[in-house]
Amino acid sequence: MKASVVIFPGTNRERDVADVLEAVSGRRPQMVWHGDSEVPDSDLIVLPGGFSYGDYLRCGAMAAHSPIMRDVIAKAEAGTPVLGICNGFQILCEAGLLPGVLMHNSSLKFICKDVWLRVEQPDTIFTSRFAKGELMRAIAAHAEGNYFADPETLNRLEGEGRVVFRYADRHGNVTPEANPNGAQRSIAGICDARRRVLGLMPHPENTSDPLLGPTEGRKLFESIVESLVA
Amino acid sequence: MKARIVITLKNGVLDPQGKAVQNAVGALGIEGVQSVRQGKFIEVDLAAGSEAAARATVERMCRELLANTVIENYVYEIES
C-alpha cells in the first residue's frame, strides 16, 4: 500500500502515523510537504495531527488553503481515500471535504487522555475489521475537538450512516460524562458520503504499538490495508 | 483604504470563552452583565481603486478564509 503523509508547518504526529502504517503495510509512507503542488500517486493520503500554522485564525484554516490541499481535494474527489486525524480532521472540515467544524472544547481545557470510541459504522475501508458497537481505545489530545454542525447536517450524517465513531464509556454507553469535549451527539469521527474520507479526533496511531500500551487503534490501520490491498 | 472586519459566533453557537469572560466579570463584582460573546477584530490595509473594489476584496477574504460561515458571521466597514 502506497501511503502519503502530508506535513504542514506545525504538524507533529507524522512519524507516529507513518510508523504504524509501515508496521501494518510493510511499506514506509512518503512524506509530502505542504508547499508541494502534487501528492505522489497514493492509495491513501493521511493528514496527521499537530498544530498546523500554530492554529492561527482557526484550527486547520490556514492549512486548508495551502498549495498541497488543492491536489488533496482533487484526489479525494477522484476517490483516493483520505484519513484526517485530530488537526487533520480540522483541516478536512475547513477544506470542505467534511461538513461541520471543530470548536473549542466546552471545558476550554486541553484534553490529553485515553478515550473509548464506539464503532458506529463498520462498513468503511477504515473500520472494516471492527464489529458494529465494538470499542476502540484512542488518545484524545486536543483543545478544539468539539464537533459542531447544524441540526439538518447532523441528521443527514446520522441518516446516511456517516457517524463512524462516538465517544463512549468503557462499556460502550454513549453518555454525557463520556463525552470529553462537548461534541454534538458525542461525535468523534465522521466520513464523507462515499465513506472514503474519514475525520477522527482522537489518535488511533498512539494506541497501535504494544511498547506504548494499548493497541486497539491498530485495527483501524489493518482495516485500511486489508481494504485497499485486497 | 482600510477595512475593519468583525467576526462573531452565530446566535445559538455555544461560546465557552464568552461564558468564561462573563464569569470572570462577575467574580470582579461587576454586576448587570447578562451575556458576553467573544469574537475577532481584523484590520486590513487595502490598495483598492474604489470602495466597491475594496468591498469585493474584503467580501471574498471573509467568505473564503477569515470567517467559517458554519459557525460565524462577519460584518465590515471600509474607510477611505
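A salt bridge here is a side-chain nitrogen of Lys or Arg within 4 Å of a carboxyl oxygen of Asp or Glu, and across the interface of chain B and chain A that rule finds one. This is a predicted model, in which local features need pLDDT of at least 70 and side-chain atom pairs count only at pLDDT 80 or more, while totals for chains, interfaces and linings use all residues. Residues are numbered from 1 along each chain as its sequence is written, chains are lettered from A in the order in which they are written, and side-chain values use heavy atoms, with hydrogens and water left out.

**The interface of chain B and chain A**

- The contact (heavy atoms within 4.5 Å) takes 16 residues from chain B and 14 residues from chain A.
- About 1200 Å² is buried between chain B and chain A, and carbon and sulfur atoms give 72% of that area, where buried area is the accessible area (1.4 Å probe) that two parts lose on being put together, summed over both.
- In chain B, the residues that lose the most area to chain A are B:Pro16, B:Leu65 and B:Asn68, which together make up 36% of what that side buries.
- On the side of chain B that touches chain A, the elements giving two or more residues are α1 (16-27), β2 (40-45) and α2 (51-66) of chain B, helices (H or I, at least four residues) and strands (E, at least two) being DSSP runs numbered from the N terminus.

**Salt bridges within chain A**

- Over all chains, a search of the whole structure finds 22 salt bridges.
- A:Arg58 also meets A:Glu94 in a salt bridge (2.8 Å, N to O), which links helix α3 (residues 87-94) of chain A, where A:Glu94 lies, with the loop between β3 (44-47) and α2 (67-77) of chain A, where A:Arg58 lies, 36 residues apart.
- Both A:Glu94 and A:Arg58 are buried, that is, under 20% relative accessible area, with exposed meaning over 50% and partly exposed in between (1.4 Å probe, protein chains only).
- A:Glu22 and A:Arg28 form a salt bridge whose closest N and O atoms are 2.8 Å apart; A:Glu22 is partly exposed at 32% relative accessible area, and A:Arg28 is partly exposed at 38%.
- A:Arg185 forms a salt bridge with A:Glu158, the closest N and O atoms being 3.5 Å apart, and both belong to a salt-bridge network that links A:Arg118, A:Glu120, A:Glu158, A:Arg166 and A:Arg185.

**Helix α1 of chain B**

- With twelve residues, α1(B) reaches 16 Å from its first C-alpha to its last, close to the 16 Å expected at 1.5 Å a residue, the expected span being 1.5 Å times one less than the number of residues.
- The buried residues of α1(B) are B:Pro16, B:Gly18, B:Gln22 and B:Val25.
- B:Gln22, at 18% relative accessibility, is in contact with B:Val33, B:Gln34, B:Ser35 and B:Val36, leaving aside its neighbours within four places in sequence.
- B:Gly29, whose phi is positive, near 85°, follows α1(B).
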